[in-house]
Amino acid sequence: MKTVYSSCRICTASCGFSFEVENNQITHFSADFDHPVSQGHCCPKGISGIERQQGKGDRLLVSRKKQSDGSFETIDTLAAAKEVGAKLKAIIDEHGPRSVALFFGTGAYANTLGASFSRAWLHATGSPNYFTTVTIDQSSHWITMGRMGVFLGGMPDLDDIDVGLISGANPLVSHLGWPSVPVASMNPGEQVRSARANGQKLIVVDPRRTETARSADLHLQLIPGEDATLYAGIIHLLFACNGINQSFCQRYVTHVDRLKQLVTPFTPEYVSQRTGVPEENLHKATEWLANARRPAVGCCTGTAMAPDSNLADFLLVCINALCGGFRQAGDRVRNQAPLAGISPIADVVPPNRTWEQEPKCRTQDVGHILGEFPSALIPDEILVPGKDKIRAMVVFGGNPVIALVDPEKTTKAFNDLDLLVTLDVAETETTALSDYTLAVSTQYERHDLSAFNVAFPKPYEEYYQPVIEKPGSVAHDWEIFWTMAQAMDLPLELKFTFPGVPFKDSALIESVNMEAKPDPEDLIRKIFESRNIDFETLKNAPRGTDFGLGEAVVAAPQEDSGARLDVCPDDVAEDIQKLWQSKAVESRYRLAVRRMISVQNSAYRRSDFNQKKFPLNYAYMNPEDMLAEGLSDGARIDMWTDSGKIVGTVRSDDTVRAGVVSMTHCFGELNPENDPEGALGGFTGRLIPLDPNKAEAINFMPHKTGIPVNIELRQ
């Protein structure tokens, strides 16, 4: 028996574990209290990932190929990859490169070699059809970057923040924190307790009194979907109380006066009436932000999935800009993130509006948003006839069939493909429709590196060697893309890729040998060496190392580049005017998304922990609403919108605001015929259309939260 150390790569928390291994089996595991970052913290998602590794749950151990009669037969994984490569080559030869697409899922982001090789493969085909989960849940961040620009100092380090505002996020459960929101991903509960003990103030904006909201100094419990109104109101008050950081704005910001004029109508009285947030809390939040030496605000899926999400996200970042809520010249940088190659500087990258440039989608006048097309357009890009329609799709580490909502349209589109190939470690709704399902290695069976190191509170790098060897029936993701490329006579380029950075703009490390399959450790070594990081030191450090790097500071630019953060471009001005002219949605109830600590998007829904604690997707309601509707715990309700209908099982939750039904996405049965009485809880995606005319502009983000819903006791 031997002891092996590694870290979970399901999310940015990167919690460390200690494993006892015997005969290539994990016989025991525990949280690693000596891990320099997580220090013994872990969550049910990480535990479920290890239990899947041990053979529990829905692990895929064989690959399969769909037959002409709809049945499946098992097939060797790399033999299947060769077949897939040959079929893809034939499709491209007949229909051109744009006939092929790649969907890059949540499970792919921390898979270093898989991420590099998948994007290298798509780049080599010449196809621009790159889709990811980012445009399913948080692409409003990227729209803001494209419209406003980016301040390269970045969000302040957590220990330097006076006031933090978190919108539509619950990092104590999701473990998604800095730099998206001002709370650390690693052991976030302890981080919040420590910050408050040091005098920091935390504001949480959420229609539910979440675990994070319960730890806050101030909870703004707004009506879901009114986020943009709330932030227009706070900006109004910042101007009214002279809470603007004049020196920062004069140096780095433009169109401040224009923004001030447009938010004039968003008075505290109006905003309170529309959002449901008391006026005194609006004033208090604004006062804290205005008087902070270094504030920081940020949002996640609850805001990014709601109506007017692009505007809400933009106005949030405007608060940072107006208050100087960024690291500025001379501020400390505790994590230099040597692998990421980030060197913070007090300067601005101007707006780029990449979506206005070629290449563009076939069905909508939109180009790449930081290197990718909006995922909500996938069904139309498949179904609408014509030149360059998508005919083949490779899905890597994702489950778009359930993540994309509107299941009738989504399943119709995926069934229309000439070829659907899915690489995954588990059975999903997408694998059930796939022509080829390729079983791949797990995070503890592959060579990897600490891809989320930019979120760590200190400089730290880790090289993960396999804890155990993969079963012979599965293959590594990178092997599959390499084999497909070889069968297609395509060259591959090794690059270390980051979300939001187009593959073509990533630095080339080397051309991949397409004659002899590369050695994965050698590939990882070359990635580290390309960043001037000593690989052997890392290899011999079982828990990683910080290389003795101390703190740095944000550099001052040598000269004024002339670039400015634009806080009120023309299209944002139009959005603010439309928001003011619009009326609040009149609806007795609104749907609000919620996070589950045991699930990562659609992964681990069937884990032992989740089945015991959350056996179905409950419809959580405020007890007063339940009393008014004559409902009790366990009651079945019909819930509907103009787009669809589901069956929900009610559960009382006094943390939910009155007038809200709170449910989890990517849950429940995709096909209602398989669960007509809603025994698994409703799939909320049935309530949401994939209609470009009913989505956000630019990124076509469907409205998944803050939408009006009707409910009625099921007869």
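This is a predicted model: local features need pLDDT of at least 70, side-chain atom pairs count only at pLDDT 80 or more; totals for chains, interfaces and linings use all residues.
**Close-up 1. Helix 1 lies across strand 2 and strand 3.** Helix 1 covers residues 44-53, and its direction makes an angle of about 15° with strand 2.

**Close-up 2. Three strands form an open sheet with the order 1-2-3.** Here is the sheet to which those strands belong. The pairing in this sheet is antiparallel. Strand 1 (2-7) and strand 3 (25-31) stand at the edges, and each has a single partner strand, so one side of each is left without a neighbour in the sheet. From one strand to the next, the twist averages 30°.

**Close-up 3. Strand 2 pairs with strand 3 over six bridges.** Now look along the pairing itself. Strand 2 is made of residues 16-22, and its pairing with strand 3 is antiparallel. To find your place, look for Glu20, which stands opposite His28 in strand 3.

**Close-up 4. Strand 4 and strand 5 form a hairpin.** Strand 4 holds residues 63-66 and strand 5 holds residues 72-75. Four bridges link these two strands in the antiparallel sense. Five residues sit between the strands, and Gly70 in the turn has a positive phi of about 90°. Within the pairing, Lys65 stands opposite Glu73 in strand 5.

**Close-up 5. Strand 4 is also joined to strand 18.** Let us stay with strand 4 and meet another of its partners. Strand 18 spans residues 436-439. Two bridges join it to strand 4, and the two strands run antiparallel. A handy landmark here is Arg64, which stands opposite Thr437 in strand 18.

**Close-up 6. Helix 9 and helix 13 pack at an angle of about 60°.** Two packed helices are described by the angle between their axes and the distance between the axes. Helix 9 consists of residues 227-240 and helix 13 of residues 279-291, with their axes 9 Å apart. The crossing of helix 9 past helix 13 is right-handed.

**Close-up 7. Residues from helix 9 and helix 13 make the contact.** What does each helix bring to the contact? Helix 9 supplies Leu230, Ile234, Leu237 and Leu238, while helix 13 supplies Leu282, His283, Thr286, Leu289 and Ala290. Sorted by kind, the contact residues are seven nonpolar, two polar and no charged.

Note on methods. Residues are numbered from 1 along each chain as its sequence is written. Side-chain values use heavy atoms; hydrogens and water are left out. Two strands pair if DSSP finds at least two bridges between them. Axes are lines fitted to C-alpha atoms, for helices over the stretch in contact, and angles run from 0 to 180 degrees between N-to-C directions. Contact means heavy atoms within 4.5 Å. A crossing is left-handed if the near helix is turned anticlockwise from the far one by less than a right angle, and right-handed if clockwise. Ala, Val, Leu, Ile, Met, Phe, Trp, Tyr, Cys and Pro count as nonpolar, Asp, Glu, Lys and Arg as charged, and the others, Gly among them, as polar.
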